[in-house]
Amino acid sequence: MLRRQLVIVEGPNGSGKTTLVRRVEELFPGHACIVHWRSVVPHHYEYAFQAARFLIEAGVLVVWDRSWLSNIVYARLGSNTLEYSDKEHRRLHRVPALRIVVAPPTRLRTDDETDPHEADYELERSVYLEEARRWGWYVIDRYYDTDEVARDVVDFMTCRKDVVSSIATLPSRPSSRT
């Protein structure tokens, strides 16, 4: 039995989120479905949730690599437009999920893999951390052990643990601006 069946992992480019998502999938073989939420346009997010609901009803743990939070962050950074209204963001936020922002102090990906058009990591990280706290997400803002966090996420989702102990920063309550 799963506590919640949707895990959302967010963070700046190169922060290790895809590595964490893949490790969760490895620890939960045959029971985890990875969805890379790249550019779901506003009128398609309902289809993404319907697909997730179908998998969840089948007992599958759904893990999203990125979500609507990226839309907020990158719109603030000026690299895309805000595709959802505040009302839609609040609605998306009410979806029951374990929400984690991965934002270690420096980019984990090597320079040769970095897109030269990406935002400055420190700026990108600061906006992610601000929005994560605004919306009440769990935050990993330090260097972390991917295996330890992935094991904790799986243990939490499968009710073997009551907290994700490897994530030091607990979610704050969403601010009144949300």
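**Figure 1. N-terminal cap of helix H6 in the predicted model.** Asp-145 caps the N-terminal end of H6. One of its side-chain oxygens lies 2.9 Å from the backbone nitrogen of Asp-147.

**Figure 2. Helix H6, residues 146-157.** The helix has twelve residues, which at 1.5 Å a residue should span 16 Å. The C-alpha atoms at its ends are 16 Å apart, in agreement with that value. Just after H6, Cys-159 adopts a positive phi of about 70°.

**Figure 3. Buried residues of H6 and their packing.** Val-149, Ala-150, Asp-152, Val-153, Val-154, Asp-155, Phe-156 and Met-157 are the buried residues of the helix. They pack against helix H1 (17-27) and against strands S1, S3, S4 (98-102) and S5 (138-140). An α-helix has 3.6 residues a turn, so residues three or four places apart point the same way.

**Figure 4. Strand S3, residues 61-65.** Five of the five residues in S3 are buried, so the strand is largely enclosed by the rest of the structure. In a regular strand, side chains alternate between the two faces of the sheet. Leu-61, Val-63 and Asp-65 point one way from S3, while Val-62 and Trp-64 point the other way. Residues pointing in either direction are buried.

**Figure 5. Pairing of S3 with strands S1 and S2.** S1 (residues 6-10) pairs with S3 in the parallel sense over four bridges. Within this pair, Leu-6 stands opposite Val-62 of S3. S2 (residues 32-36) also pairs with S3 in the parallel sense, over five bridges. Here Ala-32 stands opposite Leu-61 of S3.

How values were computed:
Residues are numbered from 1 along each chain as its sequence is written. This is a predicted model: local features need pLDDT of at least 70, side-chain atom pairs count only at pLDDT 80 or more; totals for chains, interfaces and linings use all residues. Side-chain values use heavy atoms; hydrogens and water are left out. Buried means under 20% relative accessible area, exposed over 50%, partly exposed in between (1.4 Å probe, protein chains only). Helices (H or I, at least four residues) and strands (E, at least two) are DSSP runs, numbered from the N terminus. Two strands pair if DSSP finds at least two bridges between them. The expected span of a helix is 1.5 Å times one less than its number of residues. Contact means heavy atoms within 4.5 Å. A polar contact is a pair of N or O atoms within 3.5 Å; within protein, one must be able to donate a hydrogen and the other to accept it, and residues adjacent in sequence count only if both atoms are side-chain atoms.
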